[in-house]
Amino acid sequence: MPYLGSEDTVRELRRALSNPNVQSDHLRYRNTILKVIRAMSQGVDVSGLFSEMVKACATVDIVQKKLVYVFLCSYATLNPELSLLVINTLRKDCQDPNPMVRSLALRNMTNLRLPSLVEYVEQPLTAGLRDRAACVRRVAVLGWAKLHNLQPSSEIDAAVVNELYSLLRDPDPVVMVNCLRALEEILKEEGGVAINKPITHHLLNRLKECDVWGQCEMLRILQRYRPQSEDELFDILSLLDASLVSPHPQVMAATLSLFLSLCSSLPAVSLAALERVRGSLLAACGSVSREMRFTALCHIQLLLRSVPGLMGAHYKRFFCGYAEPAYIKQRKMQVLVELVNDENVAMLLDELKGYCTDVNTDTAQAAISAIGRIGRSHSDRCLEILTELLALKQEHITSAVVQTMCDLVWVCPQYSNTVCSALEGCEETLQDSQGRQALLWLLGVYGEQVSGAPYTLEVFIDGVRSEASLGVKMELLTTTMRLFVCRPAETQDMLGRLLHYCIEEETDMCVHDQALLYYHLLHCGIEETRKVLQGRRSDPSLGVLIGRPAEPISQWACRFNTLEALKQCSIETESASRGSPEHFTCDPKSNPDLSVTINCSQAENVYSDSSADVPPSTAEVPLSLSLSPALSPEEFERLWLQRQPMHADQGADKIEVEEEYVCLKEWVLSTAVPHCSTQSLQAAMQLVNIQTLAFTPPHTLPWRVYLYTHTQHEPSGNTPHCTLILGELLYTGEASQRTVVNKGMCEGDLLRKEGGEKEVKVTLIQQPRDDKALKGFLSILTTVLYTLSSEKN
């Protein structure tokens, strides 16, 4: 027996194929051909047997034909001249009485993929479109698509396209779906198959006849059609109603995507559709297929953007299984964070606590991070769990806990005392650079509250020569400088040693330059150093609103049932990092479908008597507000503090204008607003696409609310202009002595009115500058405040 792959193997197979005795015995001949196919599948080059295999295709044995056709299609491109010998046999088979033979011949005729054979293939394909057997029509329809891909530059006869359109009404559902796919390929440059009202209703009526793949294909193509009337729209939705609760997740997802596309202007209908698919999505989350579970979780994340409470009662369905892969566990934890409320927070935290000791370090760190995000609204229990995890003294757990605590106190500084007391002694367990950077940052910002902070820093400074992380060195410099400002006696010596090493011995230029900067800063005096290193901090009395604001469905509907839903990152509301970009650029294309368009009024007089119900208005200015892209608390604070110190010494009634931004301060007579509930205020703001980012509790003085939005309008018919507006509402409870009325921002005319009314001070910062958009937004905000006041009264 010759070795596999040797020349003797091919020689022996050729001898057997040419042996008349073997050819006369159909079973032996078929087995020999099977040996050729087996050798080909194992990587043996049997292309030298092409002539013998061409002769073997002239048989009435269907099994032998299939085996030979597999060989010929694999080696046809290597033997284009000999492939011409196969065409006669294939064309003859296309007229065979057996429809299986006809369909097999048509399929392999197009699978040869030789441009020189196109002229021989067109006539059998045209005849196949009119064949009485459905299996032949199925192959012929797809054959035209293959023929077009083989020669994309050539145009297919219009008669063939019309024939394909007529086959959309073929009684066989597979032929109908194949026609859709073929027309999509052939008419790709023209935008695909044309969908009109008769075709749409025909496809919808026959939707149930198709298999799962066919239904998904039809539903995808039907998204191009737009109903001509509301009655037609609801007729289409009625036909789709059964598919919306299909037991097949693929059909359900495709139907919901079509629903959302058709109901873009009917948010109530879209929300009802989301409610109906809840059961199907939950069932998909328990699927045996891991890929199906992951896909369902990603799509649930999209749905929670607009309906945060959609899965609230079913949070236990997102508990992680022991044998589940890490990527599914992490997605489930992201969903669990979105489902937290006062009723289930205790159970969710206990569940997440169990994941923190998972054998997979990524899963454990993701669970710790999830606990930290929940801690922004439910701090006591979360801090207790994080402190218990520190006691385990495991490197990856300690590092994740320290980073989580660092992010937690950045957003909620009122928890700094608890965090600082829990950090004692954890530096011995930290080994990775990210954990040590987080610890150093905490020591630098809250070093006054940590009694052993200088001793911990001394350990880092003594080992700075062996430190490999650039980030740790730079954080160590900043932390030591901050600690020196507040505790100079304990830190002076180690600061000198650290600066000497970084300036004289450090080879990295980033660390060297930063140390040199701090050295020159110290020469300017301790007060100047303190001003630079100890900037303003967040007000501990401010509570941060966590959770993603309810987005319009239209913002993510185009990504539903696509790969983009699987590629999206974590849906955390706030950024996990402490840093934030110093400059914010608003891209008008980031929100192409603004859900709320308000024709607002340009407020020239924002002052009103107590008897007035709504503020006066004048000329209308078209303006759109948007919550996207979302702004994290860190970014808001950075942008707000950049502008506010410049106006600290200015009068409250000034309008500060620069080329890149505008700062506007106004008073609004709305004393009942500070006593409204937080939920009412947030709901009213989000109704007009204004996001409330932070607030003080009602009946607290001074009462503050921080908010932001993005504006977009088309000035004088030009391209849309997009701006970012940051705002603060301040109520001190004291009567103001004057009311400022802006009669024209560009001219800066200010009208003072004496009085003793208690008012809410509105401070707005806009970047980039857009006077009309700022006035329009002020009018919208004023209307909301007046409406809340009237309802409260």
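These questions and answers walk through a predicted model of one protein chain.

Me: How many helices and strands does the chain have?
Reply: The chain has 793 residues, and buried ones make up 52% of them. Its secondary structure comes to 34 helices and eleven strands.

Me: Of the contacts with a separation of 6 or more, what share comes from residues 24 or more positions apart?
Reply: The contacts counted here have a separation of 6 or more.

Me: Which helices do the buried residues of α25 pack against?
Reply: Those buried residues include Leu-439, Leu-440, Leu-442 and Leu-443. Ala-438 and Val-445 are also buried. Their packing partners are α23 (395–411), α24 (416–422), α26 (453–462) and α27 (470–486).

Me: Which residues does Val-472 contact, leaving aside its neighbours within four places in sequence?
Reply: Val-472 is found in helix α27. Its relative accessibility is 1%, so Val-472 counts as buried. Beyond its sequence neighbours, Val-472 is in contact with Ser-433, Arg-436, Gln-437, Leu-440 and Glu-467.

Me: How far apart in space are Val-472 and Ser-433, C-alpha to C-alpha?
Reply: Ser-433 is one of the residues in contact with Val-472. In sequence the two are 39 residues apart. In space, C-alpha to C-alpha, the distance is 6.3 Å.

Me: Are α21 and α22 roughly parallel or antiparallel?
Reply: Helix α21 (residues 361–374) and helix α22 (residues 379–390) pack with their axes 9 Å apart. The angle is about 150 degrees. Angles over 145 count as roughly antiparallel. Therefore α21 and α22 are roughly antiparallel.

Me: What classes of residue make the contact of α21 with α22?
Reply: α21 passes α22 in a left-handed crossing. From α21 come Ile-368, Ile-371 and Ile-374; from α22 come Cys-382, Ile-385, Leu-386 and Leu-389. By class, that contact has no polar, no charged and seven nonpolar residues.

Me: Are α6 and α8 roughly parallel or antiparallel?
Reply: Helix α6 (residues 80–93) packs on helix α8 (residues 118–129) with the axes 11 Å apart. The angle between them is about 10 degrees. Angles under 35 degrees count as roughly parallel. So α6 and α8 are roughly parallel.

Me: How many charged residues are in the contact of α6 with α8?
Reply: Leu-84, Ile-87 and Arg-91 in α6 meet Tyr-120, Gln-123 and Pro-124 in α8. By class, the contact has four nonpolar residues and one polar. The charged count is one.

Me: What covers the buried residues of α7?
Reply: Helix α7 (residues 99–111) has 13 residues and reaches 18 Å from its first C-alpha to its last. Its buried residues include Val-101, Arg-102, Leu-104, Leu-106 and Met-109. Their cover includes α5 (62–75), α6, α8 and α9 (134–150).

Me: Is Glu-52 buried or exposed?
Reply: Glu-52 lies in helix α4 (residues 50–56). Leaving aside neighbours within four places in sequence, Glu-52 is in contact with Arg-14, Leu-17, Ser-18 and Tyr-29. Its relative accessible area is 16%, and the cut-off for burial is under 20%. So Glu-52 is buried.

Me: Where is Asn-561, and what is its phi?
Reply: Most residues other than glycine have a negative phi. Asn-561 is in the loop between β1 (543–544) and α31 (564–567). At 37% relative accessibility, Asn-561 counts as partly exposed. Its phi is positive, about 65 degrees.

Me: What is phi of Lys-393?
Reply: Lys-393 is found in the loop between α22 and α23. The value is positive, in a residue other than glycine. Phi is near 60 degrees.

Me: Which residues does the cis peptide bond at Pro-768 join, and what is omega?
Reply: Most peptide bonds are trans. Pro-768 sits in the loop between β11 (760–767) and α34 (771–792). The cis bond joins Gln-767 and Pro-768, with omega about -5 degrees.

Methods
Residues numbered from 1 in each chain as written. Predicted model: local features only at pLDDT ≥ 70, side-chain atom pairs only at ≥ 80, totals over all residues. Heavy atoms only, no water. Buried < 20%, exposed > 50% of the residue type's maximum accessible area, 1.4 Å probe, protein only. Helix = DSSP H or I, 4+ residues; strand = E, 2+ residues; numbered from the N terminus. Contact = heavy atoms within 4.5 Å. Axes fitted to C-alpha atoms, helices over the stretch in contact; angles between N-to-C directions. Parallel < 35°, antiparallel > 145°, perpendicular 65-115°, else oblique. Left-handed = near helix turned anticlockwise from the far one by under 90°. Nonpolar A, V, L, I, M, F, W, Y, C, P; charged D, E, K, R; others polar. Expected span 1.5 Å × (residues − 1).
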